[in-house]
Amino acid sequence: MAYKPGLFTNWPWKPLGNFKYLVLAPWVVHSGYIFVKSNGRERDVSTFLIFPFLLWRMLHNQIWITLSRHRDARGNGRIVDKGIEFEQVDRERNWDDQILFNGLILYAVAATFPGASCLPVWRSDGVITIALLHVGPVEFLYYWLHRALHHHYLYSRYHSHHHASIVTEPITSVIHPFAEHMAYYVLFAMPLLTTVWMGIASISSVVGYVTYIDLMNNMGHCNFELIPKWIFSYFPPLKYLMYTPSYHSLHHTQFRTNYSLFMPFYDYIYGTMDKSTDELYETSLKRQAEVPDVVCLTHLTTPESIYHLGVGFASLASQPDRSSRWYLWLIWPVTLWSMMVTRIYGHTFLIERHRFNKLKIQTWIIPKYRIQYFMQWQKESINRLIEKAILEADEKGTKVLCLGLLNQGEELNGHGGLYVERHPEFKVRLVDGSGLAVAVVVNSIPKGTVQVLLRGKLTKVAYAIAFALCQSGIQVATLREHEYVMLKKSLNHKCDSNLLLSSGHVPKIWIVGDDITEEDHSKAPKGTLFIPFSQFPPEKLRSDCFYHHTPAMVTPPSLENVHSCENWLPRRVMSAWRVAAILHAAEGWEEHECGYTITDVDKAWQASLRLGFQPLGFPTHVPQKLS
């Protein structure tokens with residue numbers, strides 16, 4: 001929002017929320033009906049194609065978003081070396097408003113302007129006319145409109161909304177108040193309406209011109225330099241006819257320079273070109289890909305989870321992934337295509353980067369889904385991918401690699417110990433975060449608790465939790481005899497007096513892992529608090545009980561470039577396994593934490609607090625004391 005929002009700041013359909021797309025429905029249905037009803041040459045193909053064209057614009061923009069975020073994570077060619085946060089993502093969430101507006105205008109013009117419907121596919125004179133009108137009047141008028149928008153009165157009421165994003169993303173280019181967009185559309189409509197009036201408009205000229213505007217807008221705001229130097233060496237005048245991402249980035253950091261639309265020659269003419277333009281261009285091109293200090297190696301959970309990644313849909317990635325949205329079923333062909341690509345690609349891919357003080361952190365994804373980790377015939381393939389990623393990180397000089405989610409499975413690789421056995425020469429430290437996960441669970445138990453119930457698949461985290469609780473004097477009860485026997489054996493007579501086999505009274509604090517069943521849930525008293533120790537959250541089967549998050553901590557402000565949620569966790573909350581990797585790198589711990597080795601629980605907990613990570617509290621509706 002601008003400093004002092006002016007008239008017509010909000011889009012007219014803002015009250016409709018996600019139902020805003022319905023404003024196009026009458027036009028789409030009507031054009032489809034007319035197209036089907038008509039025959040032969042009477043069919044208005046150009047009007048019928050407006051809706052597919054709008055879908056193309058959305059796809060084009062999304063491609064740029066994905067490409068930009070991936071390149072930002074890699075670091076090569078990055079222009080502004082800062083991150084974006086949730087505030088910017090929320091501000092730029094409705095980038096598709098201008099596409100809806102574009103659709104309404106196209107349908108209205110096709111219905112009312114003579115010669116705006118039944119357009120031919122191609123007319124050379126129309127394409128040339130649009131190109132000349134853009135180079136001439138459009139670029140000139142935009143330059144002076146843009147300078148006017150930087151006058152205090154208009155800037156504070158309108159254009160400051162756009163400039164709130166110092167680090168730009170492709171979609172930043174279209175984040176303007178409604179009134180400002182109306183001014184732009186009047187400007188960009190000039191070439192199109194002129195060709196309609198002259199009778200030389202075509203489908204290609206309209207689609208081509210709008211696509212050109214999208215292309216240049218997205219490129220200019222992508223925050224990585226991609227225009228090679230040789231282009232300007234072969235054709236020097238091109239520097240006056242085409243801007244670069246670094247050229248427009250200076251406008252967002254300096255504000256009073258580089259006003260031109262796509263062709264910088266008016267900045268040269270009127271003396272508003274930033275003096276550091278060439279230097280920033282050269283510097284950005286020379287920037288190399290970052291070498292991460294910490295790599296968090298995770299995997300996809302479901303086919304739809306790819307949309308919740310930072311390189312996926314920005315609006316979905318900025319919210320916890322609680323369940324698949326119904327509207328994702330509408331794009332199942334894209335989902336199927338992504339599954340095929342991940343299967344064929346067969347290599348880890350980079351999705352995001354963070355910075356914590358001086359540490360550079362990257363997240364890598366194994367292109368496998370959760371269900372595949374339970375398939376025996378997939379284990380060798382998954383282990384190969386994980387091992388290859390570890391070797392790559394080691395070769396790059398990475399200090400710590402965290403095995404996230406099921407990449408640290410006992411049946412898969414012995415909690416990561418398999419890789420250390422195969423490669424004892426590793427310099428990179430493998431971390432599964434078990435010590436901190438135990439610390440988070442233990443410190444999540446409400447004060448004054450005297451007894452808890454432990455239920456779920458017994459992992460090394462479960463054994464360590466039972467030992468820590470029994471040692472602190474808290475009784476640990478189990479529902480099943482075989483779990484009691486295994487836990488008692490692991491305690492080896494150390495504090496085993498606090499280990500109980502539940503026979504009647506069931507406590508209201510449950511520490512749960514994988515394999516907890518519906519029958520187990522039914523045995524919990526009303527008001528029970530379920531605290532997971534597993535990687536994945538338990539299914540919430542009881543509406544009269546409370547479910548805590550999987551082991552995680554609130555991140556400090558010093559963790560930068562946080563604009564997406566980690567799976568089902570809230571904003572700015574990081575899983576204990578990933579936090580543990582940061583601790584190992586920040587504290588300089590030299591040992592591996594994998595296999596059946598576990599970091600001292602108290603040591604991990606104190607280090608996390610010292611670095612600014614905070615416990616994730618319970619929701620306000622959860623009772624502070626549970627008897």
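Biologist: On what basis are the residues numbered and the values computed?
Modeller: Residues are numbered from 1 along each chain as its sequence is written, and side-chain values use heavy atoms, with hydrogens and water left out. As the model is predicted, local features need pLDDT of at least 70 and side-chain atom pairs count only at pLDDT 80 or more, whereas totals for chains, interfaces and linings use all residues.

Biologist: What is the volume of the largest cavity?
Modeller: A cavity is a set of points, on a 1 Å grid over the protein atoms alone, where a 1.4 Å probe fits but cannot get out. The structure holds 5 cavities of 30 Å³ or more. With volume taken as the space filled by probe spheres set on the points, which are joined across faces, edges and corners, the largest cavity comes to about 320 Å³.

Biologist: Which element gives the most to the lining of the largest cavity?
Modeller: Lining residues have an atom within 4 Å of a point, and the largest cavity has 27 of them, with Thr298, Leu309, Glu566, Asn567 and Arg578 nearest its centre. Two or more of these residues come from each of β1 (294-299), β2 (349-356), β3 (359-366) and α24 (576-587), where helices (H or I, at least four residues) and strands (E, at least two) are DSSP runs numbered from the N terminus. The element that gives the most, with 4 residues, is β1.

Biologist: Which element gives the most to the lining of the second largest cavity?
Modeller: The second largest cavity has a volume of about 140 Å³, and of the 18 residues lining it, Arg69, Asp72, Ile84, Glu169 and His563 are the closest to its centre. At least two lining residues are supplied by each of β2 and α3 (50-74). The most, 4 residues, is given by α3.

Biologist: Which residues touch the most other members of the largest nonpolar core?
Modeller: A nonpolar core is a set of buried Ala, Val, Leu, Ile, Met, Phe, Trp, Tyr and Cys residues joined through side-chain atoms within 4.5 Å, where buried means under 20% relative accessible area, exposed over 50% and partly exposed in between, for a 1.4 Å probe and protein chains only. The largest such core has 51 residues, and those that touch the most other members are Trp95, Phe188 and Tyr209.

Biologist: Is serine 205 buried or exposed?
Modeller: Serine 205 is found in helix α9, and, leaving aside neighbours within four places in sequence, it is in contact (heavy atoms within 4.5 Å) with Gly126, Val127, Ile130 and Leu192. Its side chain reaches the backbone oxygen of serine 202 at 2.9 Å. Because its relative accessible area is 5%, serine 205 is buried.

Biologist: Is histidine 248 buried or exposed?
Modeller: Histidine 248 has its place in helix α12 (residues 245-254), where it touches Gly220, His221, Tyr243 and Asn258, not counting residues up to four places away in sequence. Because its relative accessibility is 6%, histidine 248 counts as buried.

Biologist: Where is asparagine 223, with its positive phi?
Modeller: Asparagine 223 is not a glycine, although its phi is positive, at about 65 degrees. At 5% relative accessibility, asparagine 223 counts as buried. Its place is in the loop between α9 and α10 (229-234).

Technical notes:
On a 1 Å grid over the protein atoms alone, a cavity is a set of points where a 1.4 Å probe fits but cannot get out, and a pocket is an open set with protein on both sides within 12 Å along at least five of seven lines; lining residues have an atom within 4 Å of a point. A polar contact is a pair of N or O atoms within 3.5 Å; within protein, one must be able to donate a hydrogen and the other to accept it, and residues adjacent in sequence count only if both atoms are side-chain atoms.
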